Amino acid sequence: MDDLRDKLSGQRNWLEQILLKIPGFQGYLEKEHRREADHLLRQHLAGRLAEAKRRLNERILMLTNTGNLAWLQRLNPAANLLEKLEGRVRFARHGYSGFFDAAKVGTAELARLYAFDASLLREVDELVDQIAALAAGSGNESAFALEVEALQTRLRALDARLDERDAAVEGRKTS
């Protein structure tokens with residue numbers, strides 16, 4: 001995925017081109033483009049997580065249809081956490097700071113948020129691949145249990161990374 005900030009900068013309309021001649025407006029516009037790029041990136045991430053959720057639900061349906069309830073119980077916690085993660089990414093705070101907000105989000109912070117969100121792309125893509133591999137499971141219950149535990153470990157790690165992002169937006173330190 002190309003850097004969305006470059007694409008947004010290249011799509012300026014005629015009014016923005018005129019306004020760029022006003023001193024100070026360019027910085028404001030660039031900051032807005034950074035916010036928009038981060039928002040688009042997070043929506044893409046949420047879409048990928050929705051794809052992962054769809055694949056996991058297919059696996060759950062397959063287990064339900066085959067009456068394999070013991071295996072199904074192993075997947076439910078992972079499915080619940082995946083649902084939570086998708087919502088966290090889709091509705092994450094996006095670095096907006098109004099005039100009267102106590103915690104101001106500046107240009108450098110927005111750039112770090114974008115870089116952080118971009119780094120999540122690889123992790124989410126690996127998660128989708130991991131779930132696809134799980135869907136092609138072998139039929140061995142102990143191997144399946146290990147795969148599900150590895151999936152839950154990855155989901156918990158992603159949840160912890162999102163805690164770091166929330167802390168960064170709120171301007172607080174993580175432990």
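# A chat about a helical chain

Q: Where is A92 placed?
A: A92 sits in the loop between α4 and α5. Keep in mind that this is a predicted model.

Q: Buried or exposed, that A92?
A: A92 is buried, because its relative accessible area is 13% and the cut-off for buried is under 20%.

Q: What does A92 touch?
A: Leaving aside residues up to four places away in sequence, A92 touches R42, G87 and R165. R165 is 73 residues from A92 along the chain, yet the two C-alpha atoms are separated by 8.9 Å.

Q: OK, zooming out. What secondary structure does the chain have?
A: The count is 6 helices and 0 strands. In sequence order the pattern reads α-α-α-α-α-α.

Q: And how much of the chain is buried?
A: Of its 175 residues, 39% count as buried. The accessible surface is about 10100 Å², and carbon and sulfur atoms account for 55% of that.

Q: Which residues touch the most other members of the largest nonpolar core?
A: They are L56, L75, L82, L127, L151 and L155, in a core of 33 residues. The elements giving two or more residues to this core are α3 (25-65), α4 (69-90), α5 (107-135) and α6 (141-170). As a general point, nonpolar side chains tend to be buried together in soluble globular proteins.

Q: Pick L127. What does it touch?
A: Beyond four places in sequence, L127 touches L49, A52, L82, L151, R154, L155 and L158.

Q: How far apart in sequence are contacting residues in the chain?
A: Taking contacts between residues at least 6 apart in sequence, 78% join residues at least 24 apart.

Q: Back to α4. What span should its 22 residues have?
A: They should span 32 Å at 1.5 Å a residue, and the end C-alpha atoms are 31 Å apart, so the two values agree.

Q: Where is the kink in α4?
A: The kink, about 30°, lies at L75, shortly before the proline P77. L75 is also one of the buried residues of α4, which include W71, L72, L82 and E86.

Q: Where is confidence lowest and where highest?
A: Helix α1 (residues 4-10) is lowest, with a mean of 50, and α4 is highest, at 89. Over the chain the average pLDDT is 76, and 66% of the residues score at least 70.

Q: Over which residues does pLDDT stay under 50?
A: That stretch is residues 96-103, for which the model has 10 contacts beyond four places in sequence.

Notes: Residues numbered from 1 in each chain as written. Predicted model: local features only at pLDDT ≥ 70, side-chain atom pairs only at ≥ 80, totals over all residues. Heavy atoms only, no water. Core = buried A, V, L, I, M, F, W, Y, C linked by side-chain atoms within 4.5 Å. Buried < 20%, exposed > 50% of the residue type's maximum accessible area, 1.4 Å probe, protein only. Helix = DSSP H or I, 4+ residues; strand = E, 2+ residues; numbered from the N terminus. Contact = heavy atoms within 4.5 Å. Areas by Shrake-Rupley, 256 points an atom, 1.4 Å probe, with all protein chains shown as cover. Expected span 1.5 Å × (residues − 1). Bend = angle between axes of the 7 residues up to and from the residue. pLDDT = per-residue confidence, 0-100.
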